[in-house]
Amino acid sequence: MAPLLQIKNLHTSFFTHDGEVQAVKGVDLEIAEGETLGIVGESGSGKSVTSLSILNLLPPSGKVVAGEILLNGKDLVQAGRSELQSIRGNAISMIFQDPMSSLNPLIPVGKQVEEMIITHRKRTRSQVKNDVMKLFDMVQIPDPAGRYRSYPHEFSGGMRQRVMIAIALACSPSLLIADEPTTALDVTIQDQILVLLHSLQREMNMSILFISHDLGVIAEICSRVMVMYSGMVMETARIDDLFRTPAHPYTMGLLQSIPGIMQDRSVPLLPIPGSPPDASNPPQGCPFHPRCRYARAICAREVPPLQQISESHTSRCWLLADQAPVENNPFAPLRRPNG
Amino acid sequence: MDSPDKRGDTFMLEVNGLVKHFPVPGKRKSVVHAVDDVTFAIRKGETLGLVGESGCGKSTVARTVARMYKPTAGKIILDSHDISTLNGRELRPFRKKMQMVFQDPYSSLNPRMTVLSLVAEPLIAQGIVDTARAARDQVVQMLTEVGLSAEHCSRYPHEFSGGQRQRISLARALVLGPELVICDEPISALDVSIQAQVINLLQRFKQEQELTYLFIAHDLSMVRYVSDTVGVMYLGKMVEICDSEEIYRNPLHPYTRGLLAAIPVPDPGAAKERTRSVAIRGDLPSPISPPRGCRFHTRCKEVMDICRRVEPPLQTKEGDHKVACHLYGSLQ
């Protein structure tokens with residue numbers, strides 16, 4: 001079956017007065033119908049820019065410079081303004097980290113949900129109101145009729161995010177892009193929102209592109225995950241494979257640097273040394289090599305290609321190449337004979 | 001497990017019945033019950049972690065202990081000296097003993113000061129040196145200890161990454177050789193790959209200089225990892241406090257259990273086994289008019305009739321383990 005969304009060789013850059021800053025450098029991804037794909041990465045890894053590129057919501061200085069974004073086979077990069085407008089909030093919608101700045105503080109929340117339905121659907125006034133009540137009920141906002149006229153400031157952070165989800169799901173999108181939707185929330189509220197997204201997804205059979213810096217959150221909700229670093233995809237795997245057999249030193253580093261709830265307190269954490277690279281001046285070769293404990297000469301010269309480990313598992317690391325040594329190589333057992 | 005009297009050490013910090021209320025602008029009779037009757041103590045060289053959702057009062061505890069706020073009631077005893085009612089000038093000698101590291105390394109460092117003057121500022125304020133230049137050797141030594149170097153002295157905060165800025169904040173806090181360091185969410189603003197660097201640095205200082213920490217964070221896994229004792233706060237109250245191993249092995253309060261269940265586990269196997277039901281329902285009630293009885297009863301899965309009427313006191317269950325919950329009856 002053809003994937004719902006397919007991104008091929010996406011390059012997105014920002015044009016600043018200091019020149020071009022490449023934020024996304026050749027990202028490929030596919031999302032099947034009903035699937036949840038996670039993108040994990042630190043600030044500056046290009047995960048949000050990738051998601052903003054899909055609906056062309058980039059700031060004026062940003063531009064998709066190459067690549068294709070195919071929704072059911074149709075290229076969104078080539079789509080015109082009005083065409084994109086009819087897709088936004090309809091076939092693809094988005095929720096963001098901060099629900100307060102995404103909602104208009106001067107308009108009652110019910111009206112803000114209505115706006116989405118009126119834009120994309122032909123419905124009568126009373127039908128629209130009815131739809132909004134149903135949506136509020138679906139996202140478990142208590143007392144939908146009473147809350148209809150409330151303003152965003154009268155809601156808690158968790159309830160505001162529920163309003164955002166109601167707006168996003170108003171036209172039953174086939175893809176929901178969720179960019180760090182729980183980062184600003186407390187763990188107990190995060191847990192409520194994740195449970196809600198999970199059940200809504202099953203009910204509506206929609207696909208989700210879930211962006212987060214938190215591997216724990218990704219493990220809770222995604223079936224497949226893509227690890228990004230410095231604008232590149234470093235590893236893509238099914239969620240179990242990523243945690244059981246990570247095939248990139250960066251992924252390994254991320255997993256080792258967070259303490260589990262059972263972690264032995266006398267064992268020091270194993271941090272990744274250094275800091276993430278400066279996007280306007282990225283290192284030559286593999287962007288992770290200055291922080292990598294396995295780096296060799298070739299890593300500083302050339303960007304490693306994505307290596308296939310299994311049908312669903314790829315990683316961008318020279319340690320997986322045929323010529324790589326076997327000693328001090330945690331990935332030697334993962335290499336496929338004859339490439 | 002050692003009982004408190006067996007360890008027999010002296011306390012670095014004792015907080016007894018701490019209360020901090022804030023006035024509500026425009027409403028003369030109502031107050032925000034930020035911290036209500038909180039009691040704990042930290043032994044020298046140990047770490048106490050405080051966890052809870054935003055609005056639970058953990059940062060207010062930190063700031064009141066540091067005497068950035070004046071407590072409404074209660075006692076703060078720092079190394080056997082009562083500092084709860086001292087004024088600005090009287091507090092100054094105690095500032096040497098007690099320093100603070102803040103969450104946001106962007107807003108907590110003055111952008112117009114060089115690293116040298118930032119780290120030398122506490123020394124000048126305490127009258128140890130007269131100028132930043134005179135403190136240079138001391139500053140350089142401190143910078144080296146936090147993983148920076150002499151060449152960073154003349155740079156400004158904007159030239160550093162978040163992780164490096166937090167190292168500067170740490171150098172600033174430690175340059176006076178304090179005994180108690182209060183860390184208010186010191187790693188929350190940092191990237192995942194940087195958090196472990198800062199935690200390891202804090203742990204190293206704890207061992208080398210026998211520092212005592214009051215560590216505030218919302219991340220229960222991280223708090224358990226760094227702390228000897230963990231206190232769980234809810235809406236201004238301490239609801240459970242015990243040894244950090246106990247907190248996940250034998251959590252007693254329904255709120256603690258809910259918090260533990262809500263943490264996303266970076267292990268897909270565990271995540272799938274978990275029943276997909278909500279760990280704690282509802283939102284935090286308003287701290288201006290907290291619920292009667294147990295403050296958690298509006299969200300508690302095991303709520304009983306008594307919980308709505310009577311506030312449960314924090315009582316000792318066994319050893320060092322204290323809990324405020326009617327499920328355990330009257331423990332005395």
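# Reading contacts, cores and strands

Q: Which residues is Leu175(A) in contact with, leaving aside its neighbours within four places in sequence?
A: Leu175(A) is in contact with Leu4(A), Leu5(A), Ile31(A), Ala91(A), Ile92(A), Met206(A), Ser207(A) and Leu209(A), once neighbours within four places in sequence are left aside. This is a predicted model.

Q: Which residues touch the most other members of the largest nonpolar core?
A: The general idea first: in soluble globular proteins, nonpolar side chains tend to be buried together. Here the largest nonpolar core has 93 residues, and those touching the most other members are Ala166(A), Leu175(A), Leu209(A), Ile218(A) and Val225(A). Helix H7(A) gives the most to this core, eight residues. There is also a second, separate core of 92 residues, which includes Leu50(B), Leu118(B), Val181(B) and Met238(B).

Q: Why does the radius of gyration of chain A agree with a compact globule?
A: The value is compared with what a compact globule of 339 residues would have, which is near 20 Å; chain A has 21 Å, so the two agree. The C-alpha trace of chain A spans about 70 × 50 × 45 Å along its principal axes. Of its 339 residues, 46% count as buried.

Q: What joins residues at least 24 apart in chain A?
A: Contacts do. Take the contacts in chain A between residues at least 6 apart in sequence: 62% of them join residues at least 24 apart. As for its elements, chain A has twelve helices and twelve strands.

Q: How many residues does the contact take from chain A and from chain B?
A: The size of an interface is often given as the accessible area lost when the parts come together. Here it is described by residues: 39 from chain A and 36 from chain B. On the side of chain A that touches chain B, the elements giving two or more residues are helices H7 (157–169), H8 (187–204), H9 (215–221), H10 (239–244) and H11 (249–257) of chain A. The largest share of that side is six residues, from H8(A). By class, the side of chain A that touches chain B has 19 nonpolar, 13 polar and seven charged residues.

Q: Which domains does the domain assignment give for chain B?
A: The assignment gives domain 1 (8–97 + 180–187 + 204–328) and domain 2 (108–177) of chain B. The C-alpha centres of domain 1 and domain 2 of chain B are 31 Å apart. Between them, four residues of domain 1 of chain B are in contact with five residues of domain 2 of chain B. The side of domain 1 of chain B that touches domain 2 of chain B has three nonpolar, no polar and one charged residues.

Q: How many bridges join strand S1 to strand S2 in chain B?
A: A general point about strands: in a regular strand the side chains alternate between the two faces of the sheet. In chain B, S1 (residues 11–24) and S2 (residues 27–43) run antiparallel and are joined by ten bridges. Across this pair, Phe22(B) stands opposite Val32(B) in S2(B). S1(B) and S2(B) form a hairpin with two residues between them, and Gly26(B) in the turn has a positive phi of about 85°.

Q: Which strand of chain B pairs with S1(B) over five bridges?
A: S4 (residues 73–78) of chain B pairs with S1(B) in the antiparallel sense. One pair of partners to look for is Val15(B) and Ile76(B), the latter in S4(B).

Q: Which residue has a positive phi of about 50° although it is not a glycine?
A: Most residues other than glycine have a negative phi, and most peptide bonds are trans. Asn328(A) has a positive phi of about 50°. Asn328(A) is placed in the segment after strand S12 (313–315) of chain A, and it counts as exposed because it has 10 C-beta neighbours inside 10 Å. Ser80(B) is not a glycine, yet its phi is positive at about 65°. Ser80(B) is in the loop between S4 and strand S5 (81–82) of chain B. With 9 other C-beta atoms within 10 Å, Ser80(B) is exposed.

Q: Buried or exposed: how does Gln166(B) count?
A: The cut-off for buried is 20 or more other C-beta atoms within 10 Å. Gln166(B) has 30 such neighbours inside 10 Å, so it counts as buried. Gln166(B) is found in helix H6 (residues 162–174) of chain B. Leaving aside neighbours within four places in sequence, Gln166(B) is in contact with Pro105(B), Pro186(B), Leu190(B) and Val198(B).

How values were computed:
Residues are numbered from 1 along each chain as its sequence is written. Chains are lettered from A and ligands numbered from 1 in the order in which they are written. This is a predicted model: local features need pLDDT of at least 70, side-chain atom pairs count only at pLDDT 80 or more; totals for chains, interfaces and linings use all residues. Two strands pair if DSSP finds at least two bridges between them. Helices (H or I, at least four residues) and strands (E, at least two) are DSSP runs, numbered from the N terminus. Two residues are in contact if their C-beta atoms, placed from the backbone, lie within 7 Å. Ala, Val, Leu, Ile, Met, Phe, Trp, Tyr, Cys and Pro count as nonpolar, Asp, Glu, Lys and Arg as charged, and the others, Gly among them, as polar. Domain bounds come from an automatic or database domain assignment. A nonpolar core is a set of buried Ala, Val, Leu, Ile, Met, Phe, Trp, Tyr and Cys residues joined through C-beta atoms within 7 Å. A residue is buried if 20 or more other C-beta atoms lie within 10 Å of its own, exposed if 12 or fewer, and partly exposed in between; C-beta atoms are placed from the backbone. The radius of gyration is taken over C-alpha atoms; the globule rule is 2.2 Å times the number of residues to the power 0.38.
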